[in-house]
Amino acid sequence: MNTKCLEPSLENIKMCAEALASGKVVAFPTETVYGLGASLFQPRAIDKIFHLKKRPSDNPLIVHVSNFNEDSKIAKKIPKDFYLLAEKFFPGPLTVVLEAKEIVPKIATANKDTIAIRMPNNECALKLIEYAETPLVAPSANLSGKPSSTRASHVIEDFNNKIPYVLDGGDCNIGIESTVVLLEEDGPCLLRPGSISSEEIELCLNKKVKTNKKKYKGCSPGMKYRHYAPDAFVFLKKEKDIIDCHFVRPLFLSSDQLSGTTLLTRQNLYELFRFADRNKFQEVVIIDSDSLRGDNALFNRIEKAIKRK
Ligand code: TXA
Ligand code: MG
């Protein structure tokens, strides 16, 4: 099965929706990264996703919806804060974790009682969900642990011949995965930073957002794994320390315009990681700076790429 890369015409989106309805796995663009989609109510298709990605079975999936009615069909005891966040940020790069209804297949939530929901801000993704007439589970369309896919050719790199179709929506606007927030009785808790910041969530809810405490690590299994990493070793170095390092074949990246480096942004992070591997760089050396550390979401992905288990 040669994976077909399809332009996101209505006809092609309908064809992909039919493939999803018949239990197939299809990749599609979102504003953050590409997703590897299956119908929420096709447990065997969801199982395929775990196998294709080599994803640990304790790591739950995000459910993608195209309208507000779907939320109440799959989540229960939805707090007022959810509606405040949804009104402000949906469709957009925010995922909210709520209590799951029994109807939700356990394989999607990795046996947890909660479900992560988001409404992507991408015309093609929203149309696909509409035509599929069901919410879609979709983890990032990359092999587990590898950099996410931000263009259709990345999906082909990881899954050629493994899935029938990828809808090609061009480069993702944002380039890193959604912010994940858990809503608990005593307030919101940030499980994964993204382009919607804690400050924006705090402003919206008028509540403090708890962040990344150890106690919450068990809550979002994805947080404990090494992630987003190329085969090349990733280093974070201050500019002044580079001279003392003996790199074999380094690719230098910096979020400031520095000579001898490639400019690093949220949007091109994963393409640069993949570029490093395609071109057999041995090391990706990221120049440490205040501006890089100031971008919480980008810096989080870099820290995860450095961590070798
Ligand atoms: O931007 C995104 O969110 C992309 C696009 C495709 O929508 N999706 C994505 O999915 O990044 P994935 O599977 O690569 O990451 C999902 C994250 C994982 O860290 C997972 O542990 C967490 O969300 N998650 C999912 N369901 C959860 C739940 N019920 N409770 C806590 N964390 C959950
Ligand atoms: Mg992922």
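Author: Buried means a relative accessible area under 20%, exposed means over 50%, and partly exposed lies in between (1.4 Å probe, protein chains only). This is a predicted model, in which local features need pLDDT of at least 70 and side-chain atom pairs count only at pLDDT 80 or more, whereas totals for chains, interfaces and linings use all residues. Residues are numbered from 1 along each chain as its sequence is written, chains are lettered from A and ligands numbered from 1 in the order in which they are written, and side-chain values use heavy atoms, with hydrogens and water left out.

Reader: Does Lys280 count as buried or exposed, and at what relative accessibility?

Author: Lys280 is found in the loop between H10 and E16, where helices (H or I, at least four residues) and strands (E, at least two) are DSSP runs numbered from the N terminus. Its phi is positive, about 55°, although Lys280 is not a glycine. Because its relative accessibility lies over the 50% limit, Lys280 counts as exposed, at 60%.

Reader: Which helix and strands do the buried residues of H10 pack against, H12 included?

Author: Helix H10 (residues 269–278) is mostly covered, with seven of its ten residues buried. Those seven are Leu269, Tyr270, Glu271, Leu272, Phe273, Arg274 and Ala276. With contact taken as heavy atoms within 4.5 Å, these buried residues pack against helix H7 (152–159), strand E13 (233–237), strand E14 (250–254), strand E15 (262–263), strand E16 (283–287) and helix H12 (296–306).

Reader: What do the buried residues of H12 pack against?

Author: H12 is mostly covered as well, since eight of its eleven residues are buried. The buried positions are Ala297, Leu298, Phe299, Asn300, Arg301, Ile302, Lys304 and Ala305. They pack against E11, E13, H10, E16 and helix H11 (290–294).

Reader: Which residue's side chain is joined to that of Glu177 by a polar contact of 2.7 Å?

Author: Glu177 is found in the loop between strand E9 (165–167) and E10, and because its relative accessible area is 3%, Glu177 is buried. Not counting residues up to four places away in sequence, Glu177 touches Thr32, Val33, Ser148, Arg192, Pro193, Gly194, Tyr228, Tyr270 and Arg301. A polar contact is a pair of N or O atoms within 3.5 Å; within protein, one must be able to donate a hydrogen and the other to accept it, and residues adjacent in sequence count only if both atoms are side-chain atoms. One such contact, of 2.8 Å, joins the side chains of Glu177 and Tyr270, while the contact of 2.7 Å joins the side chain of Glu177 to that of Arg301.

Reader: How much of ligand 1 does the protein bury?

Author: Of the 27 residues around ligand 1 (a heavy atom within 4 Å), Thr32, Arg55, Asn59, His64 and Ser178 come nearest. An oxygen atom of ligand 1 lies 2.7 Å from a polar side-chain atom of Thr32, an oxygen atom of ligand 1 is 2.8 Å from an N or O atom in the side chain of Arg55, and a nitrogen atom of ligand 1 is 3.0 Å from a polar side-chain atom of Thr114. By the Shrake-Rupley method with a 1.4 Å probe, ligand 1 taken alone exposes 680 Å², and the share that the protein buries is 97%.

Reader: Which element gives the largest share of the shell around ligand 1?

Author: The elements that give two or more residues to this shell are strand E4 (62–64), E7 and strand E11 (187–192). The largest share, four residues, comes from E7.

Reader: What is omega for the cis peptide bond that joins Phe90 and Pro91?

Author: Most peptide bonds are trans. Pro91, found in the loop between H4 and E6, is joined to Phe90 by a cis peptide bond, with omega about -10°.
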